[in-house]
Amino acid sequence: MSLSDIAYMAGIFDGEGSVTISAEAKRAKNYYLRATVTNTNEPLMKWIVEHFRGGYIAKTRGILTRKDCYTWTISGKKAQNFLRIIQDFSIVKKPQINVALQFVVKDCSHHCSIEEREVRAKLRLLIKELNK
C-alpha cells in the first residue's frame, strides 16, 4: 500500500469516519473497538475493503430523492491496526485515534480485573466526549 493510499484513507476517515468503544449491551463488562466510514459512494467502499479489509453494508433509502448509504466497519485488533496505519496522516480524528490506541483489545467478559474494566470504561467515555 502506498503512502498516498494511506493519506487518502486518513482524509476519508477524518471527514466520513468514526471510532467508537462500545459496551456490551447486556452487562457492560465487555467493550469493543470499532472504526467505521459512512458514505454514499459504493466504489469507495470497495476500494476501502480492498486496501484495508473489513466489510461494508448498504442501507437503501427507499426514497427517490435520497441516495443509498454504505457503512464500512472494522473492529477489534483489525481496527487498531487500521488506526495505527492512518494515525500519522489524520488531523481531525487524531485525538480519538490516540485514545483508541490505548485500548487493549481482548475479551473481558471473564478475564479482566475491575481496574482494567474501569480503564476501558473511562476510555469509552473519553471517546464519546471527543465524538461530540
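1. Arg 53 sits in the loop that links α2 and β3. Helices here (H or I, at least four residues) and strands (E, at least two) are DSSP runs, numbered from the N terminus. Its phi is near 70 degrees, a positive value in a residue other than glycine. For background, most residues other than glycine have a negative phi. Arg 53 counts as exposed because its relative accessible area is 53%, where exposed means over 50%, buried under 20% and partly exposed in between (1.4 Å probe, protein chains only).

2. A word on the model before going on. It is predicted, so local features need pLDDT of at least 70 and side-chain atom pairs count only at pLDDT 80 or more, while totals for chains, interfaces and linings use all residues. Residues are numbered from 1 along each chain as its sequence is written, and side-chain values use heavy atoms, with hydrogens and water left out.

3. Arg 53 also turns up beside Ile 48. Leaving aside neighbours within four places in sequence, Ile 48 is in contact (heavy atoms within 4.5 Å) with Met 9, Ile 12, Val 37, Arg 53 and Trp 72.

4. Ile 48 belongs to the largest nonpolar core, which has 30 residues. Such a core is a set of buried Ala, Val, Leu, Ile, Met, Phe, Trp, Tyr and Cys residues joined through side-chain atoms within 4.5 Å. The members that touch the most others are Met 9, Phe 13, Ile 48, Trp 72, Phe 82, Leu 83 and Ile 86. Two or more core residues come from each of α1 (3-16), β1 (17-23), β2 (31-39), α2 (42-52), β4 (69-75), α3 (76-86), α4 (94-100) and α5 (114-130).

5. Four strands form an open sheet in the order β1-β2-β4-β3, with antiparallel pairing; two strands pair if DSSP finds at least two bridges between them. At the edges are β1 and β3 (55-59), each pairing on one side only. Neighbouring strands are turned by 30 degrees against each other on average, direction ignored.

6. The pairings can be followed residue by residue. β1 and β2 are joined in the antiparallel sense over 7 bridges; in β2, Ile 21 has Leu 33 as its bridge partner, and Val 19 has Ala 35. Between β2 and β4, also antiparallel, there are 6 bridges, and Val 37 is partnered by Trp 72 in β4.

7. Two helices deserve a look against this sheet. α2 lies across β2, β3 and β4, at about 15 degrees to β4. Axes are lines fitted to C-alpha atoms, for helices over the stretch in contact, and angles run from 0 to 180 degrees between N-to-C directions.

8. α1 has 14 residues and reaches 20 Å from its first C-alpha to its last, close to the 20 Å expected, that is, 1.5 Å times one less than its number of residues. Its buried residues are Asp 5, Ile 6, Met 9, Ala 10, Ile 12, Phe 13 and Asp 14. Their cover includes β1, β2, α2, β4, α3 and α4.

9. Finally, Ser 2 lies in the segment before α1. Ser 2 is classed as partly exposed because its relative accessibility is 31%. Its side chain reaches the backbone nitrogen of Asp 5 at 3.1 Å.

Key:
A polar contact is a pair of N or O atoms within 3.5 Å; within protein, one must be able to donate a hydrogen and the other to accept it, and residues adjacent in sequence count only if both atoms are side-chain atoms.
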